[in-house]
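Here is a friendly walk through the packing inside one protein model. Take a look at the fold, and then we can go through some helix pairs and the cores together.

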Amino acid sequence: MVTKRSAVGRAPGDGSSVATPALYRAAMNPVLPAPLADWFASRGWQPRRHQLAMLAEGRAGRHALLVAATGAGKTLAGFLPTLVELIETPSEGLHTLYVSPLKALAVDIQRNLVTPVAEMGLDALGIDIRIETRTGDTPSDRKARQRARPPQILLTTPESLSLLLSYPDSFTMFAGLKTIVIDEVHAFATGKRGDLLSLCMARLQTIAPGLRRIALSATVADADGYRAWLAPDGDIDAVSLVHGDQGVDPNIAILLPEDRVPWAGHSGRYAAAQVMGEIEAHRTTIVFCNTRSLAELIFQDLWKANEAQLPIGIHHGSLEKEARRKVEAAMSAGRLRALVATASLDLGVDWGDVDCVIQMGAPKGSSRLLQRIGRSNHRLDESSEALIVPGNRFEYLEARAALDAVEAGELDADVFRMGALDVLAQHVMACACAAPFDQAALLTEVRSALPYSALTDDLFDKVLGFIRDGGYSLRAYDRFKRLTQDGDGPSTGSGQGLWRVSHPKFVAQHRLNAGIIVEATMLKVRFRNGRALGKVEEAFASTLSHGDTFFFAGMSLEVEKIDTEDLIVRATARPARIPTYGGSRMPLSTNLADRVRGFLATPEEWSRFPDDVREWLEIQARRSALPRPDQLLVETFPREGRHYMVAYSFEGWNAHQSLGMLITRRMETAGLKPLGFVSNDYAIATYSVDPITDPAALFSADILEHEFVEWVQQSHLLKRAFREVAVIGGLVERQHPGKRKTGKQVTFSTDLIYDVLRKYEPSHILLEAAWADARARMTDVGRLAGLLDRAAETMLHVDLPRVSPLAVPVLVLIGREKVATGSADDALLIEAEALAADAMRVD
């Protein structure tokens with residue numbers, strides 16, 4: 001086994017804080033209550049400097065953002081003021097809300113918080129501190145009891161908090177709330193879940209004006225951006241910034257294959273035996289994969305290489321709750337040697353015995369890599385150990401770029417944006433379910449949430465009008481009339497009274513369907529005896545027939561029966577395919593893309609690379625060119641009766657997919673007879689009957705003004721975006737009492753409404769929201785615009801007689817981009833070798 005290891009630095013934390021000197025003097029000389037002080041002493045511990053600083057901020061009643069390395073005790077720092085207050089001044093009722101992005105994290109925090117509280121012996125002192133979780137998995141009877149008699153500390157998610165705020169008793173439940181702690185704030189603040197949480201915090205601040213806000217994170221590039229997001233009214237000066245102490249530098253290595261780095265593939269499957277060797281050499285290992293499909297595939301590969309029959313498990317979001325909990329408990333108890341996981345375990349989950357993290361394929365961003373590394377040796381004073389397994393030669397460069405970025409303390413950029421209107425509509429409906437509201441008062445409250453601080457009166461009117469009757473194209477239908485305003489006339493809507501829910505059925509409808517995460521419709525996978533394994537997407541299930549086999553939950557399963565909501569299976573030993581899941585891929589971060597560009601243009605860096613990677617770049621430079629960081633290299637060449645164009649734009653797969661659609665449409669208009677395109681994170685390749693002699697004409701910036709708009713309107717892209725905003729905004733419900741709609745039913749409903757609105761009300765607020773989603777989230781249009789703006793001036797066109805070395809990793813994808821079987825990578829490797837032999841000839 002050949003590896004390259006290097007100790008690299010964490011993102012810097014200089015120990016500074018925006019807190020005043022007086023606060024720091026108080027922080028460094030605190031008086032901890034005896035139970036807390038004794039608990040620290042019994043373990044030979046002392047509170048860390050940043051934990052004491054957070055306690056001082058709490059005693060001063062200030063909001064605070066803590067940025068501290070994984071293993072630095074962020075969670076305890078966030079809860080320390082709460083514990084001190086509840087010990088010094090015991091009270092009933094809800095004192096502190098803890099909000100996390102993952103259900104698993106909430107459960108893990110409860111376990112890790114309940115134990116020390118129990119060990120403090122507070123019961124003997126007559127102090128009762130109850131700590132409970134509330135997520136979508138919480139039984140309904142416990143949820144009802146929590147509303148009637150809430151614990152002092154409640155651990156929840158943004159969606160569950162929003163639902164709590166939809167009840168009339170939320171005003172009494174949260175009236176005494178002192179603190180809200182937002183963990184892993186970077187994971188959702190810049191997205192729609194962050195929009196919802198910011199609105200929930202605004203409502204909580206109205207109910208409990210003295211509420212103090214705390215946010216925790218290990219990977220924040222723009223601390224001031226998060227301070228403004230956290231603060232009431234975006235007042236950045238109201239939020240203190242506390243840095244944790246810097247931890248021991250992590251030890252990150254790139255795992256190289258025993259022969260050479262592959263030309264193609266993106267999963268690192270070739271290294272299964274080497275990965276298994278690392279698992280055998282460590283106590284407990286987490287193997288991270290970027291997708292659920294890859295996790296199932298890697299688990300099968302590892303199991304085949306597991307000659308020692310070590311206990312290994314698999315964890316991802318589509319598995320049944322009981323299966324995930326079982327695996328989490330086994331990891332916590334130290335009964336597993338390895339766990340194959342996805343982003344479902346990226347954040348915060350603390351299993352102290354994990355001593356190695358392996359990333360299969362490139363990490364796509366330095367912040368994500370740091371988060372995953374932090375699962376290893378979850379302690380500040382021990383080095384985290386991690387391995388990256390690159391899938392191909394470009395991914396080797398990306399892995400090296402990620403290591404350099406971590407060493408330089410360079411994190412991925414945080415992009416804050418305006419709040420989504422569909423999320424606002426859902427929140428307004430939740431407020432109405434709790435109690436009638438005054439329009440002006442609610443608008444003031446909403447504007448105190450930073451994402452909605454620039455919301456205009458007119459736009460808020462449109463949101464209310466949409467909830468009132470669906471818009472003028474839909475107002476003839478009672479099913480869309482969810483709100484009414486006191487004093488409204490039959491058609492004028494001119495009244496200025498309170499807004500209220502028009503019928504109790506809409507309250508039940510809201511609580512049944514509220515949520516921000518809109519997954520594709522799923523079918524439950526279960527055995528004939530009723531035991532459930534998890535869920536697969538309806539689109540994948542529709543490709544299956546009786547007798548077909550697929551891998552899921554670490555097993556090979558054979559389909560026995562398919563009905564509306566269930567996929568009945570049995571275990572089998574037959575070969576199987578891997579389920580596919582929709583959604584966009586993780587985007588390659590701009591920072592890593594820039595670093596890879598820099599590698600190509602800096603030959604003096606190549607001595608750090610393996611021999612075969614260095615040779616690949618050297619022959620590329622001899623046969624074609626390597627672009628400067630500010631250049632767009634475009635190669636054209638013939639091969640086997642086709643003409644190819646490859647553009648090395650490094651803007652990520654999502655942006656390249658959109659660009660490929662647009663360019664092939666433009667090629668069709670120009671009569672170049674395009675046959676198709678393929679892309680990866682680094683390049684896009686088109687192939688056609690006729691040669692492309694002027695690629696610059698295909699990359700002109702006006703493509704976004706003409707072809708882009710036409711393409712989005714005619715493709716499924718906008719309809720899919722509309723489907724999501726219609727569900728989030730409450731226009732279309734996914735569930736009725738006792739019954740869930742199928743994906744086809746939801747799609748039919750939203751597509752029908754979409755067609756009506758496009759024809760009769762193109763300015764409808766949900767169409768605007770869908771366009772915003774389609775532009776920003778689904779097509780990376782911002783990165784596209786930057787690429788196209790500079791293409792004309794920076795393009796370097798090289799016309800070649802045959803394929804270049806740099807083109808091999810993307811060209812081998814032709815005909816295989818949708819293959820989802822275990823043999824896909826094998827076929828890619830075989831074809832890549834033949835293509836590479838032609839590309840690497842220097843005659």
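## Helices α3 and α4

In α3, the residues His50, Gln51, Met54, Leu55, Gly58 and Arg59 meet Leu76, Ala77, Leu80, Pro81, Val84, Glu85 and Glu88 of α4. Contact here means heavy atoms within 4.5 Å. Sorted by class, this contact has seven nonpolar, three polar and three charged residues; Ala, Val, Leu, Ile, Met, Phe, Trp, Tyr, Cys and Pro count as nonpolar, Asp, Glu, Lys and Arg as charged, and the others, Gly among them, as polar.

Helix α3 covers residues 49-59 and helix α4 residues 74-88, and the two pack at an angle of about 50 degrees with their axes 8 Å apart. Helices are DSSP runs (H or I, at least four residues), numbered from the N terminus. Axes are lines fitted to C-alpha atoms over the stretch in contact, and angles run from 0 to 180 degrees between N-to-C directions. The pair is therefore oblique, the class left over when angles under 35 degrees count as roughly parallel, over 145 as roughly antiparallel and 65 to 115 as roughly perpendicular.

## About the model

This is a predicted model, in which local features need pLDDT of at least 70 and side-chain atom pairs count only at pLDDT 80 or more, while totals for chains, interfaces and linings use all residues. Residues are numbered from 1 along each chain as its sequence is written, and side-chain values use heavy atoms, with hydrogens and water left out.

## A closer look at His50

His50 sits in helix α3. Is His50 buried or exposed? With 0% relative accessibility, His50 counts as buried (under 20% relative accessible area, with a 1.4 Å probe and protein chains only). Leaving aside neighbours within four places in sequence, His50 is in contact with Leu66, Ala68, Ala72, Ala77, Val242, His243, Gly244 and Asp245.

## Helices α11 and α12

Helix α11 (residues 272-281) packs against helix α12 (residues 292-305) at about 70 degrees, with axes 9 Å apart, and the two are therefore roughly perpendicular. Ala272, Ala273, Val275, Met276 and Ile279 of α11 meet Asp301, Leu302 and Ala305 of α12.

## The nonpolar cores

The largest nonpolar core has 106 residues, and those touching the most other members are Leu161, Phe174, Ile182, Leu483, Phe699, Phe722 and Leu731. Such a core is a set of buried Ala, Val, Leu, Ile, Met, Phe, Trp, Tyr and Cys residues joined through side-chain atoms within 4.5 Å. Helix α16 (residues 421-434) gives this core its largest share, nine residues. Apart from it lies another core, of 71 residues, including Ile254, Phe288, Trp616 and Ala839.

Methods:
Buried means under 20% relative accessible area, exposed over 50%, partly exposed in between (1.4 Å probe, protein chains only).
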